[in-house]
Amino acid sequence: MDYETTESQIHTSLIGCIKALMNNSLGRAHVLGHSESINIIAQSLATENIKTKVAVLEILGAVCLVPGGHKKVLEAMLLYQSFASERTRFQSLLTDLDRSTGHYRDEVNLKTAVMSFINAMLSKGAGETSLEFRLHLRYEFLMLGIQPIIDKLRSHDNATLNRHLDFFDMLRNEDELTMSKRFDAVHIDSKSASQMFEVIRNNLKHTEAYPHLLSALQHCLMMPYKRSGNMLQHWVLLDHIVQQLVLQNEKGENPDMAPLEDFNVKNIVRMLVKENEVKQWKEDADKMRKEHQNLQQRYEKKERECEMKNKEKEDMMTMLNKIKDKLERESEEHRQAKRQVTELSARLQQLSTASSVPGGPPLTSSSSGAAVPPGPLPPIPPPPPPALPPPPGGPPSGFGLAPFAPPPPPPPGAPLGGSKKKNIPRPSNLLKSFNWSKLPENKIEGTIWSEIDDLNVFNVLDLDDFQRTFSAYQRPQKDSEDDHSAVKKVKELSVIDGRRAQNCNILLSRLKLTNEEIRHAILTMDEQEDLPKDMLEQLLKFIPDKSDTELLEEHKHELERMAKPDRFLYEMSRINHYQQRLQSLYFKKKFAERVSEVKPKIRALAQASREVVDSASLRQILEVVLAFGNYMNKGQRGNAFGFKVSSLNKIADTKSSIDKNVTLLHYMIGVLEEKYVLVTAFKDELQNVPEAAKISMTELDKDMGNLRSGLRSVETELQFQQVQASQGSADRFVPVVSQFITMASFSLSEVEESLSEAKQLLGEALRYFGEDSSKLQPDEFFGIFDSFLTAFSEAQQDNENMRRRKEEEEKRALMEAQRKQRERKASAGEGEDSQFDDLVSSLRSAEVFDKDLSKMKLNGRKPRRQDSSSSSRERPAAKLNE
């Protein structure tokens, strides 16, 4: 087509005829069925006639909406690239979109047609389901500098154009967010090569693909770097290969025109797979993963130790500052009291001197002499410390309830006074113990046991077989032919219960410490943080009892042959007051955690009490509810001056007579939103109420009681250890626990003061709302407000949904009326159908994107606003033509 024909009115009329032909189903089928029709139509974009360009773009955009038409348009644009001698396809479109001089200055229709065509290319065809395809095409437009052009187009302030621009931005935001979520990132800057490389590297790190990424980069370094004739083609080839790797589907089909015709990704990948190499890579990766996990565990352990030490240091400094402030206040009070005593003594002396009245009694030496200077007031004895609570998770229940020091056990083997000795055969080897509960001899008389003589059993019992079966030496199960080798092995001695020994062995294997290291940790109160809290809790379950101690003491000369659990229990039984030390250590480690669990509850209780009293919005809501109730109720139920706060949760029970889905709560929220706009956000004023609704005062008092009793028990053990005759150099119980008790006592007193203040605030809040403070617990009181907050939010959402449905129904009704109007106009014409015109019209007005646009708006996506000079990659299209 020559230049004159291209710019003539005939050309415009021909395009109009093709558009009219496609408006008929039969004509449209012929046009789409022709192999070159779409290509020829696309070549008409070379014209400078704006009307012709708009018509061509509307035809191509509408063809994108027709099944099978999207790929035809892509092929046509690729052919137009060579026809118009463009460096890249879509280059002339971006040039027309960016033109703002001459008769293009205010030409909004062309720019709207270009944007509608671009949006159709991105969102239709393969772009409806494939995120990769949309990103692939969008990167092509971004490389041509579309984003700064879009930002500049918003200055036209055209509603239809802005809808297309918003759709482009929102779809881009949605796609980039989806891509970021794949890599667990907030945002991936596709303009930054370093950030994209970092994302890929982090995603492939420690995977089998990482060596291949390095290999690809290493070979990229060896590609031609000088400006030779083949350098560009090498990079273009690499770009095309990666594009087809991403876009080609399982069937080997390409949604875009494939730059490499015989490049089938699936077949090539199948050829590259080698099972042995894959298996080896997996084994290496597993090995590296295990090593990484071990290093990570060691690192986390050291990190926890450092954090704990830092926290202890910070807590100690904070506590010392508080103690210093308290001492300064008490010293000042003491000085004031001393001054007052001095002043009162001086006044008393003056009164004594002036009381020599005639006829009065003589002054005694005590009254007439000089006033005795006041001595220092005796200090007030401190309150008794609380006792230690039983550790959770299975520690002995007597901790904190009974004294720590049990009476010393009798020496092993000592005969009981007055007891008869039975002539029981003695086994030649040590046997396993039988854990029974023995009846005292003085309770045998008159029972069945007085009629039983077990000595008769020994006459018929095979004692050798019994010894072999229940020997305390654990022999490995071997065949008879291996008996000789088994005799040579060292026999293990175990005298404790089998199941208990097994569980203890599992615990020691998890602890990964020697008996000496455990002993040192207990004596030093675990200053090195070797014993985790959960392990301490398990150790409390394996404290040797009296019978274990007696049995182990009998066989201490066979210590080397003892099983691992037996040696552990023996070593621990030799620690003075092992059980009490272990319980004290557990309480010390858990104290900060328990206090930190109690403090937020007390804080939430106090703050929630203040919030419900101080909330002006809540007061306004109660006022509205009171007005509603008095207006609705008559007789004795009406004329109320107040109501129980529990009545708030009954508002939703009153339903509308018109719509059963609407309750009094829905109606009240509508009134509040209309008349009292600020009140609807009252939940921001009651932020601590939901947390306070979970607090049980009984449980809180119980936790505080446990802290008090636990601390009292630790103090008892400290007093016991202080009076011991000698303390070894490794025994750090007294200094460590003394320091702990000082800090813990002050911390506990501070928590108790906070609890007392919170209870006072709660009582004031209950009285403020006319409730009985002796009957209503905090979880019940705040639970009422929490339930009301939840119901209020749900009703607000219901109102919003009803408004949205109403708007959608009105919009659908309007669209239906418009559609009927178009049908009436079409029926008044030549009788041909107007489906293609409808497509063009909906594309021009962006109605075809309404569903996606509304969905993205509901998801909270906002059109992006960018500076046109923010990126060198998204350069303006005008630069391409320079």
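Arg182 and Glu132 form a salt bridge, with 2.9 Å between the closest N and O atoms. The pair links distant parts of the chain. Arg182 sits in helix H11 (residues 159–182). Glu132 sits in helix H9, 50 residues away. Arg182 has a relative accessible area of 46%, so the residue counts as partly exposed. Glu132 is partly exposed too, at 25%. All of this is read from a predicted model.

Now move along the chain to Glu527. Its salt-bridge partner is Arg732, and the closest N and O atoms are 3.4 Å apart. Glu527 lies in the loop between helix H22 (515–523) and helix H23 (533–539). Arg732 lies in the loop between helix H30 (697–722) and helix H31 (733–768). Glu527 has 29% relative accessibility and counts as partly exposed. Arg732 is partly exposed as well, with a relative accessible area of 33%.

Salt bridges can also join into a network. Glu48, Lys53, Asp96 and Arg99 are linked in this way. How many salt bridges does the count come to? The count comes to 30.

Next, turn to helix H14. This helix covers residues 231–247, which makes 17 residues. From its first C-alpha to its last, H14 reaches 25 Å. That is close to the 24 Å expected at 1.5 Å a residue. Which residues of H14 are buried? They are Met231, Gln244 and Leu247.

Trp235, Leu238, Val242, Leu245 and Val246 make a nonpolar surface patch of about 410 Å². Take Leu238, a residue of helix H14. Leu238 has a relative accessible area of 30% and is partly exposed. Its C-alpha is separated by 9.5 Å from that of Cys220, 18 residues apart along the chain. Val246 is another member of the patch. Val246 is placed in helix H14 too. With a relative accessible area of 48%, Val246 is partly exposed.

The last stop is a charged patch. Arg298, Lys301, Lys302 and Arg304 gather on the surface in a patch of positive charge. Arg298 lies in helix H16, which spans residues 275–353. Why does Arg298 count as exposed? The relative accessible area of Arg298 is 61%, and the cut-off for exposed is over 50%.

How values were computed:
Residues numbered from 1 in each chain as written. Predicted model: local features only at pLDDT ≥ 70, side-chain atom pairs only at ≥ 80, totals over all residues. Heavy atoms only, no water. Patch = residues over 30% accessible without salt bridge, like charges linked within 9 Å, V, L, I, M, F, W, Y side chains within 5 Å. Areas by Shrake-Rupley, 256 points an atom, 1.4 Å probe, with all protein chains shown as cover. Salt bridge = Lys/Arg side-chain N within 4 Å of Asp/Glu carboxyl O. Lys, Arg positive; Asp, Glu negative; His and termini not counted. Charge placed at Lys NZ, Arg CZ, Asp CG, Glu CD. Helix = DSSP H or I, 4+ residues; strand = E, 2+ residues; numbered from the N terminus. Buried < 20%, exposed > 50% of the residue type's maximum accessible area, 1.4 Å probe, protein only. Expected span 1.5 Å × (residues − 1).
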